[in-house]
Amino acid sequence: MINTAAVTGFADLHVHQMAELAYAGAWFHGSHQGEEAHALAACSGGNFFGGDHARTVLTGIVNETLGRVPGTEGDTGLHKYKKQGFPEYSGWPRWDSIAHQQVWEGHLKQAHDAGLSLYVMSAVDYKQLCDIMPNRNKKAGLSCDEMLSVDKQLDALVNFTATRDWVEIATSPEQARTIIHQGKLAAVMAIEASHLFADQDWQSSLDHFYNKGVRVLQPVHQSDNRFGGAAPHHFIFKLFQFLEDIGNTPIGELGFILDEQGKNIKGLTEEGKAMIVAMMEKNMLIDLAHMSERSVADTYVMARENQYYPLMISHGHLRSIMLDEKQKEEKTTPDNIVAMIRETGGIFGLRTGAEQVKSYGPSVVANDCDGSVKSFAQAYEYASRGLKVDLAFASDMNGFIQQLRPRFGDNKEACGASGKNAIVKEQIAKQQNPSGTALDYDGFAHIGVEGDIISELKNLGVDTTAIENSAENFIRMWQRGYDSNRTGPLDISDMDTGGIE
């Protein structure tokens, strides 16, 4: 008999656990499994002739600046000072790691012990990035074919869970609930690929991955594809889109085609609409992350016509709380799309990034440490208290993303998102009451620290109910996709978009 009682624990909706197998194995150092001394051993740190990872075929300063943001020189290119993993961990993992493993099994188990009940393991790849990796760093048996890479990552998860008694793959909401009630960690399979299904028959491909256990799918990733338009953001992806279009697109239509507001004019294609219907018929979860606003609007219309089928964003930034320059990126999520998610009974994965944000007036937390847990608190409270949308973590671990910064230390890393020395020094001087966890000086270094984010939020006076109930809320959303008698739209009259300073 299925235990239908509510589960406890939090969820992370976007984790690239197997990313060491992506990009032909050329980018990431470290392993998701095995003995700590081996899985997290020191890397070469790079050299002027190459190195064993974290390099592209681009020469000179490009390699050295890929991981640089205010407060850090990153861990790409030549990174001798960031090569040491086990046992000292003087180099990595740290908050600014984008080329070293952050989801080793011991750390994942640590997160589970701290309350992580469910995570979405997203198999990821992007051919354009893979193509610029040096051939000498590419691993035997791996390639830049996105769908072959996705298959290998999913197989790796199957093998990983089959040989551990504390984690199990869930392919239905009932199964997820049972796994969690048994004290195990529920893993849900997802795909994030820019050239989804490539030139294959999408219906048979969808069947293949569904039969493998995939239940969450992003129709779009970094570039426009056969299913719809993407949301432009970083300049490198705009360049890749332009280069990809050369030879098969009229000169005047190269790259993303934007309207007067800078938004992608491309929505769902006819194939995209057909695939959305097929996903609904399979009770799969539709992930709007990376979709253009027109693609989102098209998907919402279809969800609304199907009794408000649930829609989710596995990882996103709330546009209203971001600084003005960041708000120009279409990939940030406006309040009206959050309203669509709420109306359909969906959930929003809140990114744990290192960015500056605006202040949310009603928050109990001072916005005085840019890029840290205090910045995350502004976005979290705006989402939970203002927008009142169901929330979960979206760490995007191993996703080329720097994580929450430390609050303490005598360098620019702590509170350093502004990149301005005077502001950084002033903010560091204001920090009190260290948590006693790795968050204090290393930031959100690896998945094992995720539970400490909740503890730190509590220490700061934040009501963490929304995030602590996120595993249950995810399962309820998932179940809504199965319900034949669901109704909508759900009430959003209490949504309050005010309070941002």
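In this predicted model, F197 touches M147, W202, S205, L206, F209, L217, R226, F227 and M275, leaving aside residues up to four places away in sequence. F197 belongs to the largest nonpolar core, which has 90 residues, and together with Y119 it touches the most other members. Helix α13, residues 373-387, gives the most to this core, with eight residues. A second core of 22 residues is separate and includes V7, L13, L118 and A471. As background, nonpolar side chains in soluble globular proteins tend to be buried together.

Helix α13 also packs against another helix. The axes of α13 and helix α16, residues 450-459, come within 10 Å and cross at roughly 80°. Angles from 65 to 115 degrees count as roughly perpendicular, and α13 and α16 are therefore roughly perpendicular to each other. On the α13 side the contact is made by V373, F376 and A377, and on the α16 side by I453, E456 and L457. Sorted by class, the contact of α13 with α16 has five nonpolar residues, no polar residues and one charged residue.

Helix α10 covers residues 293-305 and helix α12 covers residues 335-343; their axes come within 11 Å and cross at roughly 25°. Angles under 35 degrees count as roughly parallel, so α10 and α12 are roughly parallel to each other. The crossing in which α10 passes α12 is left-handed. Here E293, V296 and Y300 in α10 meet I337, M340 and E343 in α12. By class, the contact of α10 with α12 has four nonpolar residues, no polar residues and two charged residues.

The loop between β9, residues 391-394, and α14, residues 421-430, holds R405. A residue is buried when its relative accessible area is under 20%; R405 has a relative accessible area of 2% and is therefore buried. From C-alpha to C-alpha, R405 is 33 Å from R136, and the two are 269 residues apart in sequence.

The loop between β9 and α14 also contains D396. The phi of D396 is near 55°, a positive value in a residue other than glycine. D396 has a relative accessibility of 6%, so D396 counts as buried. A positive phi of about 60° is found at A54, which is not a glycine either. A54 lies in the loop between α1, residues 36-39, and α2. With a relative accessibility of 0%, A54 counts as buried. Most residues other than glycine have a negative phi, and most peptide bonds are trans.

P93 is placed in the loop between α2, residues 61-65, and α3, residues 105-113. Another cis peptide bond joins G488 and P489, where omega is about 0°. P489 is found in the segment after α18, residues 470-480.

How values were computed:
Residues are numbered from 1 along each chain as its sequence is written. This is a predicted model: local features need pLDDT of at least 70, side-chain atom pairs count only at pLDDT 80 or more; totals for chains, interfaces and linings use all residues. Side-chain values use heavy atoms; hydrogens and water are left out. Axes are lines fitted to C-alpha atoms, for helices over the stretch in contact, and angles run from 0 to 180 degrees between N-to-C directions. Helices (H or I, at least four residues) and strands (E, at least two) are DSSP runs, numbered from the N terminus. Angles under 35 degrees count as roughly parallel, over 145 as roughly antiparallel, 65 to 115 as roughly perpendicular and the rest as oblique. A crossing is left-handed if the near helix is turned anticlockwise from the far one by less than a right angle, and right-handed if clockwise. Contact means heavy atoms within 4.5 Å. Ala, Val, Leu, Ile, Met, Phe, Trp, Tyr, Cys and Pro count as nonpolar, Asp, Glu, Lys and Arg as charged, and the others, Gly among them, as polar. A nonpolar core is a set of buried Ala, Val, Leu, Ile, Met, Phe, Trp, Tyr and Cys residues joined through side-chain atoms within 4.5 Å. Buried means under 20% relative accessible area, exposed over 50%, partly exposed in between (1.4 Å probe, protein chains only).
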